[in-house]
Amino acid sequence: MRLKKGLALLLLLSLLGAFFLPLPGVGAATYTDTTDADFAQGIHENTENVGGNLRLKSGFLSGRFTSRSFGGSAQFWSTLSWDSTLPTLVVSLENDNVGQEPSTLADGSPRVGRVSGGSLVNTRLLDGVYEDIAEQAGFSSGPENLILFWDGDTIPSGWTCISDDPGEPFYYRFPAGGSTYGLMGGSETHTHSTSYTCSGPSATLQKNSGSAVTTATSTHTHTCTITVSTDNHLPPFYTLKVIRYNSGVPSILPSGVIALFPTTSLPPGWTLYTSADNRFIRGGPAVGSGGSFTHSHTVSVSTGGPSQTVGLATDPCDASTAYPTNTHTHSNSGTSSSASNLPPYTTVVLAKATSDVPIPGGMIGMFDGIPTGNWQLLSGPGGILEGRFLLENLTAGFGLTGGTETHTHSDLVITTGAGATASANLDAGTAVTFASGTHTHNVTVSFSAASHLPPYTTVIFAKALCGLRWQHTIENISTTYSSYQLQVKGYTTGDSEKVKVYVWKSSASSWEYLGELSNTETTLTKTFTPSELSSYLSGTNLHVKYESLDNTDEVITTLRVDLCILAEGNVYRTYLKFRVQVSSDGSTWSAELGPDGTSNTYFTSSPASLENIPENNYIRYRAYLSSEHSQLTGAGGPLVHEVTIRSAETGKAWIYTQDATNVSWENAVLTARLLYSDPQAAVRFQYRKAGGAWQSTPWETCENKIYWRRITGLESNTLYEFQAQLTYGGQIQNGGIRTFRTLPSKPVATPLKATLVDSGSAVLNTRIHYASYDSVSLKFWYRPSGGSWISTPPVTGYRATTYSCPISGLSSNTVYEWKVEIETTGENFVGENFVTFGSKILGMAYDGTLGLGSLPGWHGIRVENLPAGAKGMKLELLTSSPSYHSVRVVSDTGGLLYAGNFLSDNGRSKVVSFGFRRAAAAGENVYVEIYDPLGFAFRGRGTDNSMPLTRSGIRYSYSYLDRTGKNVRYYDRTCGLQVLEVYT
């Protein structure tokens, strides 16, 4: 029989992805209910079949369906599978709304953006009325101040003119781009140093030599003195006032302010400033213009005496002749060629604001320091405005560069005038050639390079980029409901840029991505349980962040938010579970059997193995349908579309990889489930680091159902993959890949949930992995959210696998953060936040009407007249042998306040606490129920609450409270509960 059960399991494994080696065998059978005709052959108890679906009758919260019988010959049962729909119902009771849009976000970063329409009030209803949140261009949180131009008489409020008085940075000075603010240089005028050459005389004569007179030779030259005039080199300019904002960067620019733009296509609220077209921008106390594109210089030449002389003879008989004196000089002047006045420039576009406007994307501003935030530096190294002056050119637009820092002029030839002469009767002849008395010289003047930079002050130029970083804070959130859903609805305009949406997770101190909003209106949601929500809350607030996908573009994107709420309510669920029965004759049936082959369990997950169901001729299933709300019945309740039972096929070999066990930091035990009938078949494992190369264990035979192999030499804290393999007849089949992660090589604490939470105390719990350590020292830290940390006394030499520590003195109705510190290594491990209750009430009244609860198998006590706002309870449970006990709190009205499971303590009493899904109404009555899978929770006689737990060797245990509030006692395996405290 054990072998046959194994075959059934292995067929299930094939359905889950395991592989097998086929051998000759008998066929399998499949039985299915999927139509009304199928379901109609069964027995309905508060159920019905409509439209091919099995469902609860309308208004009934529980029901059972017994199927027709299947089979007819001895079979090994393989799997039970089903297809179903289990809807939930969220009943919204209250919405929490946005109450703040803080300037500093939860992570400490500054807010970027502005409200351009509506307000946060418009996010509270889904009504098509929006809060418009526009990207902010040019956000800066630093101390650097924005500098712009102005042409009006009155300086706007909050701004200071820095060009109207001597000594101010831009008093008759041009702004020039740089990485440092306030460096000054340049001048309005300049001259040049020169060099020259002087030619010989332009005309000569011949006479006889002698000593009567002395004159200049025919090759003489002169030393020269060159004088170059000092001239103005200001380029064509337009003077504007330069104004600086007093407090960084304003959110709104005043009407009339003048700024730079990278294009002539201007944003709304701006018009081209044409007065400065084709002129450089200069600062000054008043608007004006001047300057020219070129300049030239007047150059004067004066010489010394001749460089060479010669003697001449005289003859009274010869005619008188004029000759240059031996000390003659020359002079003259000329005008240099023209040179450009244009310093290094970048063409720009100026525009004037026609109204008060926010900084538009792409606007270029000046700064007295390199700005932080959404500004792109343009005058830094390699920038388009580094070392350049501003030349408005509305034809060329922005970005054309030209101009130079220095210039020279082409060589200038100045012909001197004639020098001083004398006359004498010179002896005729040709022995000597000398300069004519009317001779001149050509003096060629060369100019050195000179700077024509006008007076300037360096300033930082930067372009405004668009960004959005905005936070909605949803306030005053109560943690007394069973379900929460964050809802954000909106869309973007302006361009195609998307906006990312995040929710702040306080326990991790980080933003968790929720989704994105685009041009198409979208609703983003996230659902929380109360315990999940506590790890996101900051006190009683929930933070939502909006951030542009690209915070470096020049087009302003506007986010239109129609809804940002946290919907609070209760979640109601539906349930489905199965058992099966077998029969030899189709009329006498076994007890209901679950996956362990007993009546203690149910099949709850499809597909389910029937390996523990005994071989028999017939089988049928029983489906249990239940609901927590009347709206979740009928067509709106649980629907079973199809149920299938399969029998196993004999004569096949299977292998199925199972989870690794006994995983440590350096080794693990790999396991597999297998069945084969031929001893020649062999099995092994393959394993590897995730994504790496496979390593294999040796092939070996195994005659057991479970095959295992310990592998060693693993790396700590590493993800491994492994698979079981079976070989037979030259074929290798894999049992499917599974993974495990080795443990860290040093101790690790895994925080568990805080337990026994009330209005002023709680118990903190953790699991401990020791690695190679024999013991550890550890302690807990806790604090009100965002407050100061408090530590518990450390424990040293600790060796157990779990550690719990009660803490007291807590504040009521407060979110607490906590963590575990392993002092041995100095590492901390953060636990899930918990929330204390407001107050606790003892001595609630109990009704003596005990017995069956709201569904079969449920038993409980009635608690009457709950106080307004009751949020939870503390119970004492008597637990029997099953692993878990289910507990629920049901209102008289049918609403579910709590449902959960607690681990059995094997017949001992156990104290637990929990919070309701919603706050109770004043005077509300509830049933507190426990599910008894064994049928031993029933009311009987006996009220002695002081009876010891054992008497005469017979074990007694707590069960219910009777009408007088006394404990009723029963024999072993009973289970029950009593209410100790109620919390508000």
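1. Basis. The model is predicted, so local features are taken only at pLDDT of at least 70 and side-chain atom pairs only at pLDDT 80 or more, while totals for chains, interfaces and linings use all residues. Residues are numbered from 1 along each chain as its sequence is written, and side-chain values use heavy atoms, with hydrogens and water left out. Helices (H or I, at least four residues) and strands (E, at least two) are DSSP runs, numbered from the N terminus.

2. Three-stranded sheet. Strands E67, E68 and E72 form an open sheet in the order E67-E68-E72, with antiparallel pairing; two strands pair if DSSP finds at least two bridges between them. The edges are held by E67 (748–751) and E72 (802–807), each of which has a single partner strand, so one side of each is left without a neighbour in the sheet. On average, neighbouring strands of this sheet are turned by 30° against each other, direction ignored (axes are lines fitted to C-alpha atoms, for helices over the stretch in contact, and angles run from 0 to 180 degrees between N-to-C directions). E67 and E68 (residues 762–769) run antiparallel and are joined by 4 bridges. Within E68, Arg767 stands opposite Thr750.

3. Four-stranded sheet. A further open sheet has 4 strands in the order E63-E62-E65-E66, and the pairing is antiparallel. Here E63 (695–696) and E66 (731–741) are the edge strands; each has a single partner strand, so one side of each lacks a neighbour in the sheet. E62 (residues 682–689) pairs with E65 (residues 719–728) in the antiparallel sense over 8 bridges. Phe685 has Ala724 in E65 as its bridge partner.

4. Largest nonpolar core. A nonpolar core is a set of buried Ala, Val, Leu, Ile, Met, Phe, Trp, Tyr and Cys residues joined through side-chain atoms within 4.5 Å; buried means under 20% relative accessible area, exposed over 50%, partly exposed in between (1.4 Å probe, protein chains only). The largest has 28 residues, and those with the most contacts inside it are Ile474, Leu486, Leu542, Tyr546 and Leu566. Elements giving two or more residues to this core include E49 (469–474), E50 (483–493) and E54 (542–548). E55 gives the most to this core, with 4 residues.

5. Contact means heavy atoms within 4.5 Å. Leaving aside neighbours within four places in sequence, the contacts of Ile474 include Asp96, Asn97 and Val98, as well as Leu486, Leu542 and Leu566.

6. Ser535. This residue is found in the loop between helix H3 (530–534) and E54, and at 6% relative accessibility Ser535 counts as buried. The side chain of Ser535 reaches the backbone oxygen of Glu532 at 2.8 Å, a polar contact (a pair of N or O atoms within 3.5 Å; within protein, one must be able to donate a hydrogen and the other to accept it, and residues adjacent in sequence count only if both atoms are side-chain atoms). Not counting residues up to four places away in sequence, Ser535 touches Lys505, Ser506, Ser507, Glu832 and Asn833.

7. Asn49. Asn49 is found in strand E4 (residues 47–50) and is buried, with a relative accessible area of 19%. The Asn49 side chain reaches the backbone oxygen of Asp36 at 3.3 Å, and a polar contact of 2.8 Å joins it to the side chain of His44. Residues touched by Asn49, not counting those up to four places away in sequence, include Phe39, Ala40 and Leu54.

8. Ring pairs. There are 31 aromatic pairs in the structure; rings of Phe, Tyr and Trp (its six-membered ring) pair if their centres lie within 6.5 Å, and planes under 30 degrees apart count as stacked, over 60 as edge-to-face and the rest as tilted. The rings of Tyr130 and Tyr491 have centres 5.5 Å apart and planes at 85°, so the pair is edge-to-face. The pair links distant parts of the chain, 361 residues apart: Tyr130 lies in the loop between E10 (114–117) and E11 (131–134), and Tyr491 in E50. Tyr130 is buried at 13% relative accessible area, and Tyr491 is buried at 16%.

9. Ring cluster. Ring pairs link Tyr31, Phe39, Phe65, Phe70, Trp82, Phe578 and Tyr621 into a cluster.
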